[in-house]
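Visitor: I am new to this structure. Please show me how to read it, one feature at a time.

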Amino acid sequence: MINLKEVLSSLPVSCTDEMCAQFEAYMEGILFWNQKLNLTAITDKDEFIIKHFLDSVLCCGFDEFICAEKIIDVGTGAGFPGVPLAILSPQKTFVLMDSLKKRLNVIDTLTSSIGISNVVTVHARAEELARNKSHRQQYDLCISRAVANLATLAEYCLPFIRLGGYLLAYKGPDADDEIASARKAVFLLGGELERVEFTRMQEYGLDHRILFIKKIRNTPEKYPRKAGIPSKNPLI
């Protein structure tokens with residue numbers, strides 16, 4: 001099996017032996033529960049380390065992540081990228097949101113048993129939770145990986161972010177067309193694409209883009225629209 005500590009050493013992060021043990025325990029737990037629930041299509045441990053752990057923490061070295069204290073992971077699924085980031089950043093608070101309660105129950109069970117104390121899960125749809133005053137424009141950073149096209153993702157995520165905060169969207173190498181078609185949506189929702197960071201790690205087969213979208217204006221009250229509409233009718 002790939003040595004996780006060696007893999008992470010290629011990034012500007014510090015991974016202690018205790019953190020490595022938490023990573024391994026979380027992987028074992030997800031693979032165990034995956035036999036009962038559909039959590040991940042990735043069952044090979046080397047592939048799991050690369051595509052779930054390494055891929056999730058590629059943003060760790062950027063100032064926007066380093067300076068953030070309160071972070072929301074929208075559409076966390078089996079806990080990615082939220083849980084790996086929480087392991088490496090125990091001083092930060094992570095809220096992991098998903099619409100499927102069974103997945104969140106697994107995350108709660110595993111993080112509790114492993115000793116990851118800076119993760120809170122919330123069962124909700126983004127369109128509904130973003131209208132809750134306890135969550136609307138309350139986060140320094142929103143992270144999301146492979147949830148939706150950028151126009152839809154912006155409507156899901158930007159309402160959660162405070163002024164001056166950021167949306168970090170993980171995208172593939174073909175993100176240019178998606179960026180172009182989402183410019184109107186990002187603008188309407190109070191955001192501005194500040195830059196795109198290329199995170200190529202050829203030795204591990206990773207070639208991604210992280211889009212840094214800054215919240216520069218309050219999101220209008222009418223957004224997000226009702227559940228289901230952002231995905232069926234994106235703001236383009």
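Visitor: Let me start with contacts. Which residues does Val13 touch, leaving out those up to four places away in sequence?

Guide: This is a predicted model. Val13 then touches Leu8, Cys60 and Leu88. Val13 itself lies in the loop between helix 1 and helix 2.

Visitor: How many residues apart along the chain are Val13 and Leu88, and what separates their C-alpha atoms?

Guide: They are 75 residues apart along the chain. Their C-alpha atoms are separated by 7.6 Å.

Visitor: Where is Leu11 found?

Guide: Leu11 is in the loop between helix 1 (4-8) and helix 2 (17-33). Leaving out residues up to four places away, Leu11 touches Leu54, Val57, Leu58 and Met201. Take Val57 from that list. Leu11 and Val57 are 46 residues apart along the chain, yet 8.6 Å separates their C-alpha atoms.

Visitor: Is Leu11 buried or exposed?

Guide: Look at the relative accessible area. Buried means under 20%. Leu11 has 13%, so Leu11 is buried.

Visitor: Now the strands. How do strand 4 and strand 5 pair, parallel or antiparallel?

Guide: Compare the directions of the two strands, then count the bridges. Strand 4 (residues 139-145) and strand 5 pair in the parallel sense, over six bridges. Ile143 stands opposite Leu168 in strand 5.

Visitor: And how do strand 5 and strand 7 run, parallel or antiparallel?

Guide: Strand 5 and strand 7 (residues 206-215) run antiparallel, joined by six bridges. One place to look is Leu167, whose bridge partner in strand 7 is Ile213.

Visitor: Why is strand 5 described as largely enclosed by the rest of the structure?

Guide: Count its buried residues. Strand 5 covers residues 161-171, and eight of its 11 residues are buried, so the rest of the structure largely encloses it.

Visitor: Where do side chains point in a regular strand?

Guide: They alternate between the two faces of the sheet.

Visitor: How many bridges link strand 6 and strand 7?

Guide: There are 10 bridges between strand 6 (residues 191-201) and strand 7, in the antiparallel sense. Phe198 stands opposite Arg209 in strand 7. The two strands form a hairpin with four residues between them. In that hairpin, Gly205 takes a positive phi near 75 degrees.

Visitor: Which strand does strand 1 join, and how do the two run?

Guide: Strand 1 (residues 70-74) is joined to strand 2 by five bridges, and the two run parallel. Ile71 stands opposite Phe94 in strand 2. Strand 2 (residues 93-98) is mostly covered, with five of its six residues buried.

Visitor: Let us step back to the whole protein. How many helices and strands are there?

Guide: The protein has 10 helices and seven strands. Its radius of gyration is 17 Å, close to the 18 Å that the globule rule gives for 236 residues, so it is as compact as a globular protein of that length. The C-alpha trace spans about 45 × 35 × 30 Å along its principal axes.

Visitor: What percentage of the residues is buried?

Guide: Buried residues make up 53% of the 236. As for surface, the protein exposes about 10,700 Å², and carbon and sulfur atoms supply 49% of it.

Visitor: How far apart are the mean positions of the positive and negative charges?

Guide: Average each set, then compare. For 28 positive and 29 negative charges, the mean positions are 10 Å apart.

Methods. Residues are numbered from 1 along each chain as its sequence is written. This is a predicted model: local features need pLDDT of at least 70, side-chain atom pairs count only at pLDDT 80 or more; totals for chains, interfaces and linings use all residues. Side-chain values use heavy atoms; hydrogens and water are left out. The radius of gyration is taken over C-alpha atoms; the globule rule is 2.2 Å times the number of residues to the power 0.38. Buried means under 20% relative accessible area, exposed over 50%, partly exposed in between (1.4 Å probe, protein chains only). Accessible areas come from the Shrake-Rupley method with a 1.4 Å probe; for residues, only the protein chains shown count as cover. Lys and Arg count as positive and Asp and Glu as negative; His and the chain ends are not counted. The place of a charge is taken as NZ of Lys, CZ of Arg, CG of Asp or CD of Glu. Two strands pair if DSSP finds at least two bridges between them. Contact means heavy atoms within 4.5 Å.
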